[in-house]
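Subject: Handing over a structure, with notes on what it shows

Dear colleague,

I am passing on the structure below, and I would be grateful if you could read these notes with it open beside you.

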Amino acid sequence: MKRTAMICVAAMVLTGCNANRSGYDAEGYFESTEVTVSAESSGKILYFNAEEGADVEAGTLLGCIDTVQLYLTRMQLAKSAESVLKNRPDIAKQVQAMKEQLKTLEREKDRVARLLADGAATQKQMDDIESQIAVMEVQLDAQETALENSVSSLDAQSSSIGMQIAQIDDKLAKCRISSPVSGTVLTKYAEAGEFVAAGRPLFKVADLDRVYLRAYVTSAQLSEIKIGQQVKVYSDYGKGYSKEYPGTVTWISSQSEFTPKNIQTDDERRNLVYAIKVAVGNDGLIKLGMYGGIVF
């Protein structure tokens, strides 16, 4: 009797730990959002530390493509920009001498005016000094205009060089290999020492801490589910063992499609089904491509 009772208890425990596959409301396979990172620049890979199965953080430097030629071009542009700045005239200093001459002529005009009032100077002297002042003012204005044009031209040249440097900086940044998202490296397509062209895939990364079960439901089941709904998800590890996880419905297809051959539904006569995605927190046991089921 005691042995029989123990067998019954064990059977109940096994029944509780193992979900009945035929009792699932929907079935599918686990997947994740995978990101394929490609080279943004052409050249030889100097080093590449991404390894399959390794966890990487978003923005962490994983490798670098040869940047020697770009760096030398940047140095050349920087020297050109420095030369342009040195040739930029100082307008205030350039016209200082002419302004001093103009002030001297103005003082001379005042002196001649006083002499003219006393009868000690002639009108011709006043006309001559006024003529000199007018000529000096025209020369000063012309000089200032020429210098301003020169400054504008050099500023435009400097701005153009600055934009070229910015372009080189952008190309240099694209020589750095990093992951745009935090996750696990699934596949590595290149190695250090290889020459790569822009656009060639380097590695594939996915966030395995948050996976999705893509399953299929019939039109009759659509009334039972909605976005944000909490459901029970079971991962099938084979040999009748499965584990329950809490899941959240994050996506429901707006169009029907034919049932994939490897997916079964409760009503197998329904060929047209709707795909759904359920987000599941992964404890490290769920693997991509693993079979899973859902109970609403």
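Two strands are said to pair if DSSP finds at least two bridges between them. By that rule strand S4 and strand S7 (residues 183–188) pair, in the antiparallel sense and over two bridges, and within this pairing Val-56 stands opposite Gly-183 in S7. Please keep in mind throughout that this is a predicted model.

To begin with the chain as a whole, its secondary structure comes to five helices and 15 strands, and of its 296 residues 31% count as buried. The accessible surface comes to about 18,000 Å², and 53% of that surface belongs to carbon and sulfur atoms. Among the contacts that join residues at least 6 apart in sequence, 76% are between residues at least 24 apart.

Next, the sheets. The pair S4 and S7 belongs to an open sheet of four strands, which run in the order S2-S9-S7-S4 with antiparallel pairing. Its edge strands, each of which pairs on one side only, are S2 (34–38) and S4 (55–56). Another open sheet, also described by four strands and antiparallel pairing, has the order S6-S5-S3-S8, and here the edge strands are S6 (176–178) and S8 (195–196), each pairing on one side only. Inside this sheet, strand S3 (residues 43–48) and strand S5 (residues 61–65) are paired in the antiparallel sense over three bridges.

Strand S1 (residues 26–31) has two pairings to look at. With strand S15 (residues 291–295) S1 forms an antiparallel pair over four bridges, in which Ala-26 stands opposite Ile-294. With strand S10 (residues 210–217) S1 pairs, again in the antiparallel sense, over five bridges, and there Glu-27 is found opposite Tyr-216.

Is Phe-48 buried or exposed? Its relative accessible area is 5%, and because buried means under 20%, Phe-48 counts as buried. Leaving aside neighbours within four places in sequence, its contacts include Leu-62, Ile-177, Lys-188, Ala-190, Leu-202 and Phe-203. Ala-192 is also in contact with Phe-48; these two residues are 144 apart in sequence, yet their C-alpha atoms are 5.3 Å apart in space.

As general background, nonpolar side chains in soluble globular proteins tend to be buried together.

Turning to the helices, which residues of H2 are buried? They are Leu-70, Leu-77, Ala-81 and Val-84, and since the buried residues of H2 fall within an arc of 60° when seen down its axis, they line one face of the helix. The face turned away from that buried side carries the exposed residues Gln-76, Lys-79 and Lys-86, while what covers the buried residues of H2 includes H5. As for its length, the 19 residues of H2 (residues 68–86) should span 27 Å at 1.5 Å a residue, which agrees with the 27 Å between its end C-alpha atoms.

Helix H4 (residues 96–118) has 23 residues and reaches 34 Å from its first C-alpha to its last, close to the 33 Å expected at 1.5 Å a residue. In H4 the residues Met-98, Leu-102, Leu-105 and Val-112 are buried, and helix H5 (123–174) is included in what covers the buried residues of H4. Just after H4, Gly-119 takes a positive phi of about 85°.

Terms used
Residues are numbered from 1 along each chain as its sequence is written. This is a predicted model: local features need pLDDT of at least 70, side-chain atom pairs count only at pLDDT 80 or more; totals for chains, interfaces and linings use all residues. Side-chain values use heavy atoms; hydrogens and water are left out. Buried means under 20% relative accessible area, exposed over 50%, partly exposed in between (1.4 Å probe, protein chains only). Contact means heavy atoms within 4.5 Å. Accessible areas come from the Shrake-Rupley method with a 1.4 Å probe; for residues, only the protein chains shown count as cover. The expected span of a helix is 1.5 Å times one less than its number of residues. The arc is that of the directions from the helix axis to the C-beta atoms.
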